[in-house]
Amino acid sequence: MKVLVIEDDASTADYVVIGLKEEGHDPDHAASGPIGLELACTRDYDAVVVDRMLPALDGLSIVRALRSSGRDTPVIFLTSVSGLDDRVEGLEAGADDYLVKPFAFSELMARLNALARRSPLRREETVLKVGDLEMNLIARTVKREGRDIDLQPREFRLLEYMMRNRGRVLTRTMLLERVWDFHFDPKTNVVETHVSRLRSKVDKPFAGEMIRTVRGSGYVLNVPA
Amino acid sequence: MIWPEELRSISFRVALIYTGFFVVSVLGILGTTYVIASNELASTLRAQITEDMDHLRRAHAAGGDEGLREDFGELGEAASEDRFFLVLNGTGERLFGNVPADLWQPGWQDGRLGRRAIAASPDLAAAAAHNEDHEVIFLALGEAIGPYRVMLGRNSHILDETQEIILSAMWIGGLVTAVLALIGGFLVSRGPTRRVDAIALTTRQIVEGRFDLRLPVSRRGDELDRLAADINAMLARIEMLLSSLRQVSTDIAHDLRTPLARLRQRLDAVRRKPRAAGEYEAAIDAAIEESDAAIATFHALLRIAQIEAGTRRSRFRTVDLAALVEKTAEVYEEVAADAGHRLVARDLDRVDVEGDEELLTQLLANLIENAINHVPAPGRIEITLRRAGDRVHLDVADDGPGVPEAERAKIFRRLYRLDQSRTTPGSGLGLSLVAAIAELHGGTATALDNRPGLRIRTDMPLAPAA
């Protein structure tokens, strides 16, 4: 995918650009706000990574300018402090996601993947299907191989999020934010516990593992290999 | 021009302005008195003269020239240095009177008499002798009655004297008022000036680093006291922020040196001689983990600092606390169960608070995680939410080993860890964050004895009723 990285700090920019290249993507780098905005407005990108603090034109202004020019390119915001308000401000300005520096590259990659391939039609689906796993969003029922699976509301939300993002790596932090609305790092294994409970209902009684652990990154749900 | 301190004070300026007003009003009152009294006196004199003249006319009408002559005799007896009269015949010769004939003039006359006229009349001379300027102010009415020309007059110097008395009263009154007001202003301004001086002195000492000092507040409760109280509250807040800042920097220095040193040792150890690829990978993974832990500590410290700064208050909304507790407890039920504990949320009063939902969730999550991580399994963790007047008590209680009384207040300090919990996970920041979030919401977090175990109570104000 084509990704624009707007970042003035050379070290962070290298980290992201080299990482993207190694993953087989095609990154462009802009070291200043005005150049970044110009590129973002003139070329087609699958996603833009913007630093919050930039000389001349800051990240918030870039996102606002981009959005007011009518472009809906997915934007990930990078904030250097664990800013309580930075996240809200970034999302209000029109960014789709945010990440606090320093971050693991796998975290950025997972978020880029989740954003860049989002299909606008998917939101209106009433039935999600991955292989023989089927979720009815209206009736709130889940079936695998035609057998009903009884899920708690939280487990249902977790599975729904994973099914909507089938085949994509979902990090611990992404699950915490999207499923539980936790914007902090818990000191207990909240995610592991819930994923393991879900597995015991969705995977264990059936043949073929759908929820896989990706070491050092997170989890991915897909048709059994 | 350098004024003495008292004269530069606000209260003295006010006193000065009042002095001005007082003097102007004293002069106004006396001035009015002056005009009214002068007019009154003048018209009284004129009325007396007119009445005497009318009396002569009536006497002439009743008794003719003869009758009039009798009255002239009476006039002569009444004549004095204050009362004058003059009767001339048709040819202008003086028949009676105590003033010279040439003063005769028809109609009213009012003015000072010359020296020659005074010298010609003993009564006028006597009147003049009483006056400092040796003159006579002469008020007279001249009319023709029958064959005579009659003039009746008064010494109106008395009018002049009255006016002078009032005028000097004005000067003295104005002067006394001004002096009294100035002295009063000086005295009035001295009290507040002294108090302002005391405040200024304290302020200078605070500027020089005595952050423990507070401005003097008297029991009067006046404007100065309210101002001083507000400034004291501000100072307390600043002192709190400063000391927390100092503590954070010390804590960071102490606490982050250890993981950095460990990180360096590990990298150094693996670098010393060539190793297998697997060993390098393991060392790098360990190094990443170690630095992640240090970064997490940094984040937590920054987050606490940001919460303490209080900027987050602008995003406060009404939060249904019971719903928040239910939601969070639900998330942790299974986590607690996996660790061998039982997590129960009960007695949840329906209460709203003004707050930040995200931070309140973190507060509760930290308390639950603290219990999960420090209570030996199997433990019972109980969350209750009770309304207490206009406050709400959010309690997270466990039946673990608890915290010795002497240490209970310290567990909310940054990076503070009990000896018994050195080996359990955590950075020693979870409860500091709880305290910071509670304080952001106008509340407190306290550790209580749960007999057995620990009960941490977050006491917050309820949202004001809509």
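Predicted model: local features only at pLDDT ≥ 70, side-chain atom pairs only at ≥ 80, totals over all residues.
Student: How many helices and strands does chain A have, and how many does chain B have?

Tutor: Chain A comes to eight helices and twelve strands. Chain B has nine helices and twelve strands.

Student: Why is Asp51(A) called buried?

Tutor: Being buried takes 20 or more other C-beta atoms within 10 Å. Asp51(A) has 23 C-beta neighbours inside 10 Å, so Asp51(A) counts as buried.

Student: Where does Asp51(A) lie, and what does Asp51(A) touch?

Tutor: Asp51(A) lies in strand β3 of chain A, residues 47-51. Leaving out residues up to four places away in sequence, Asp51(A) touches Ile6(A), Glu7(A), Asp8(A), Gly59(A) and Leu78(A).

Student: What does UniProt list for Asp51(A)?

Tutor: An unreviewed UniProt entry lists Asp51(A) as "modified residue: 4-aspartylphosphate".

Student: What makes Leu343(B) count as buried?

Tutor: The cut-off is 20 or more other C-beta atoms within 10 Å. Leu343(B) has 24 C-beta neighbours inside 10 Å, and therefore counts as buried.

Student: Which strand holds Leu343(B), and which residues does Leu343(B) touch?

Tutor: Leu343(B) sits in strand β7 of chain B, residues 342-348. Beyond residues up to four places away in sequence, Leu343(B) touches Ala329(B), Tyr332(B), Glu333(B), Ala336(B), Ile368(B) and Ile381(B). Take Tyr332(B): Leu343(B) and Tyr332(B) are eleven residues apart in sequence and 7.6 Å apart in space, C-alpha to C-alpha.

Student: How do you know that β4 and β5 of chain B pair?

Tutor: Pairing needs at least two bridges between the strands. Eight bridges join β4 (residues 137-145) to β5 (residues 148-155) in chain B, and the two run antiparallel. One of the partners in β5(B) is Asn155(B), which bridges to Phe138(B).

Student: What sheet do these strands belong to, and which strands are its edges?

Tutor: The open sheet in chain B has five strands in the order β2-β1-β5-β4-β3, with antiparallel pairing. The edge strands are β2 (94-97) and β3 (107-112) of chain B, since each pairs on one side only. Neighbouring strands of this sheet are turned by 20 degrees against each other on average, direction ignored.

Student: Which residues have the most contacts inside the largest nonpolar core?

Tutor: That core has 76 residues, and those with the most contacts inside it are Leu159(A), Leu321(B), Ile368(B), Val434(B) and Ile437(B). Helix α8 of chain B, residues 357-374, gives the most to this core, with nine residues. Another core, of 27 residues, lies apart from it; Ala47(A), Ile62(A), Val63(A) and Phe77(A) are among its members.

Student: What is Leu159(A) in contact with?

Tutor: Setting aside neighbours within four places in sequence, Leu159(A) is in contact with Met135(A), Val142(A), Leu151(A), Leu198(A) and Val202(A).

Student: How many residues does each chain give to the contact between them?

Tutor: The contact takes 19 residues from chain A and 23 residues from chain B. On the side of chain A, α4 (84-93) and α8 (190-202) are the elements that give two or more residues. α8(A) gives the most, with four residues. The residues on that side divide into eight nonpolar, six polar and five charged.

Conventions
Residues numbered from 1 in each chain as written. Chains lettered and ligands numbered in written order. Axes fitted to C-alpha atoms, helices over the stretch in contact; angles between N-to-C directions. Contact = placed C-beta atoms within 7 Å. Nonpolar A, V, L, I, M, F, W, Y, C, P; charged D, E, K, R; others polar. UniProt positions renumbered as here; feature names shortened; annotations may be inferred. Buried ≥ 20, exposed ≤ 12 C-beta atoms within 10 Å, placed from the backbone. Core = buried A, V, L, I, M, F, W, Y, C linked by C-beta atoms within 7 Å.
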